[in-house]
Amino acid sequence: MAFAGLKKQINKANQYVTEKMGGAEGTKLDLDFMEMERKTDVTVELVEELQVKTKEYLQPNPTARAKMAAVKGISKLSGQAKSNTYPQPEGILADCMLTYGKKLGEDSIFASALVEMGDSLKQMADVKYSLDDNIKQNFLEPLHQLQMKDLKEVMHHRKKLQGRRLDFDCKKRRQAKGSQITDDEIRSAEEKFAESLQLAQVGMYNLLENDVEQVSQLVTFAEGMLDYHSQCSDILKVLVETLNEKREEAAARPKSEFVPKTLADINIEMLGSQEGMNASPLPSPMRSPARTPMPTKPAQPCCTALYDFEPENPGELGFKENDLITLIQRVDENWFEGSLNGRTGYFPQSYVQVTVPLPTN
């Protein structure tokens with residue numbers, strides 16, 4: 001039996017090569033069937049792509065998605081179910097505002113406004129999590145079931161149909177060439193071909209005529225988005241009213257006159273005053289004129305940062321605007337090597353202004 005099955009597979013492969021390479025004509029199916037096959041292939045691609053793009057819509061940060069997938073994989077391998085929640089951008093921004101709003105203190109109107117906005121963003125993040133759960137349960141899960149059950153079954157029947165069609169054509173071709181293929185073998189191959197044709201047609205028809213269920217899932221998706229945006233709109237309306245009240249409160253608060261304190265006010269003894277009390281003043285003609293101290297240039301080659309530079313590659317030296325960087329060497333016409341705070345690396349010439357140039361050889 002195993003040999004017979006292998007021989008049948010070889011015959012199918014030979015028939016396929018004969019059709020593709022030799023130009024032999026295989027049994028042609030009608031245009032309606034071919035159109036059903038085309039639409040089925042489109043549906044297979046659609047279901048796969050739609051799942052991917054929907055997940056990207058719900059969780060747009062690729063780094064966070066990759067990290068969650070990695071944690072999930074490690075949890076499966078270790079046998080421990082570890083929940084890992086996608087970090088909603090509204091929640092991240094809310095944490096920032098709440099943290100610094102509390103650090104500024106309760107006496108600041110700006111700080112209380114930050115806390116109010118942080119709380120509102122937290123609410124929006126929670127609403128986004130609800131949307132995420134809703135779409136996964138009512139849209140992505142049915143799509144996955146369609147992919148793993150109905151589509152898989154239809155593609156199985158189509159593959160089987162292709163194999164039986166090749167077997168049927170192969171036996172007809174061999175009989176025409178005088179091989180010992182009986183009419184019963186031809187008839188059996190034809191019956192199996194007809195059976196697979198019917199199963200493939202019915203499967204594709206049921207798949208393509210399921211518009212009501214598919215559109216209902218789109219309606220669920222759209223309703224979830226509408227509910228999400230409606231809730232966010234309500235939250236933002238309340239937030240805008242609250243912030244306007246905070247702004248009016250800040251405008252109405254009387255501003256007290258501020259006088260900066262001197263060193264004497266904060267009980268710091270000034271060295272110049274003490275020296276003036278102990279030293280005898282020179283006669284006016286003998287007093288030395290005030291001297292303006294001359295700025296001293298750094299002795300070693302250096303440059304001043306014009307802008308912040310964030311390293312993008314290993315070996316680069318990061319710095320902030322106005323940092324003084326010691327020059328080590330010129331790498332090429334666009335890059336220097338330098339050191340700053342014990343760190344050494346490369347940086348672009350366009351980000352700095354040379355204060356003391358490197359010595360010329």
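Reader: Why does Thr-54 count as buried?

Author: The model is a predicted one, and the values are computed from it. Thr-54 has 4% relative accessibility. Buried means under 20% relative accessible area, so Thr-54 counts as buried.

Reader: Where is Thr-54, and which residues is Thr-54 in contact with, leaving aside its neighbours within four places in sequence?

Author: Thr-54 is in helix H2. With those sequence neighbours left out, its contacts are Ile-135, Phe-139, Leu-140 and Phe-221. Contact here means heavy atoms within 4.5 Å.

Reader: What makes Leu-226 exposed?

Author: Its relative accessible area is 57%. The cut-off for exposed is over 50%, so Leu-226 is exposed. Leu-226 belongs to helix H7, which covers residues 211–252.

Reader: How far apart are Leu-226 and Leu-131, in sequence and in space?

Author: In sequence, 95 residues separate Leu-226 and Leu-131. In space, the C-alpha to C-alpha distance between the two is 9.8 Å.

Reader: Turning to the backbone, what is noted about phi of Asn-267?

Author: Phi of Asn-267 is near 60°, a positive value, and the residue is not a glycine. Asn-267 sits in the loop between H7 and helix H8 (271–278).

Reader: Is Asn-267 buried or exposed, and why?

Author: Asn-267 has a relative accessible area of 73%. Exposed requires over 50%, so Asn-267 is exposed.

Reader: What is the phi of Asn-341, and where does this residue lie?

Author: Asn-341, also not a glycine, has a positive phi of about 50°. Its place is the loop between strand E3 (335–340) and strand E4 (343–348).

Reader: How much space lies in the largest pocket, and which residues are the closest to its centre?

Author: The largest pocket holds about 690 Å³ of space. Its lining has 21 residues, of which Lys-55, Gln-59, Met-68, Lys-72 and Lys-136 are the closest to the centre.

Reader: Which helices each supply at least two residues of that lining, and which gives the most?

Author: Helix H2 (31–58), helix H3 (62–78) and helix H5 (109–176) each supply at least two. H5 gives the most, with 7 residues.

Reader: How many lining residues of the largest pocket are nonpolar, polar and charged?

Author: The lining has 9 charged, 6 polar and 6 nonpolar residues.

Notes
Residues are numbered from 1 along each chain as its sequence is written. This is a predicted model: local features need pLDDT of at least 70, side-chain atom pairs count only at pLDDT 80 or more; totals for chains, interfaces and linings use all residues. Side-chain values use heavy atoms; hydrogens and water are left out. On a 1 Å grid over the protein atoms alone, a cavity is a set of points where a 1.4 Å probe fits but cannot get out, and a pocket is an open set with protein on both sides within 12 Å along at least five of seven lines; lining residues have an atom within 4 Å of a point. Grid points are joined across faces, edges and corners, and a volume is the space filled by probe spheres set on the points. Ala, Val, Leu, Ile, Met, Phe, Trp, Tyr, Cys and Pro count as nonpolar, Asp, Glu, Lys and Arg as charged, and the others, Gly among them, as polar. Buried means under 20% relative accessible area, exposed over 50%, partly exposed in between (1.4 Å probe, protein chains only).
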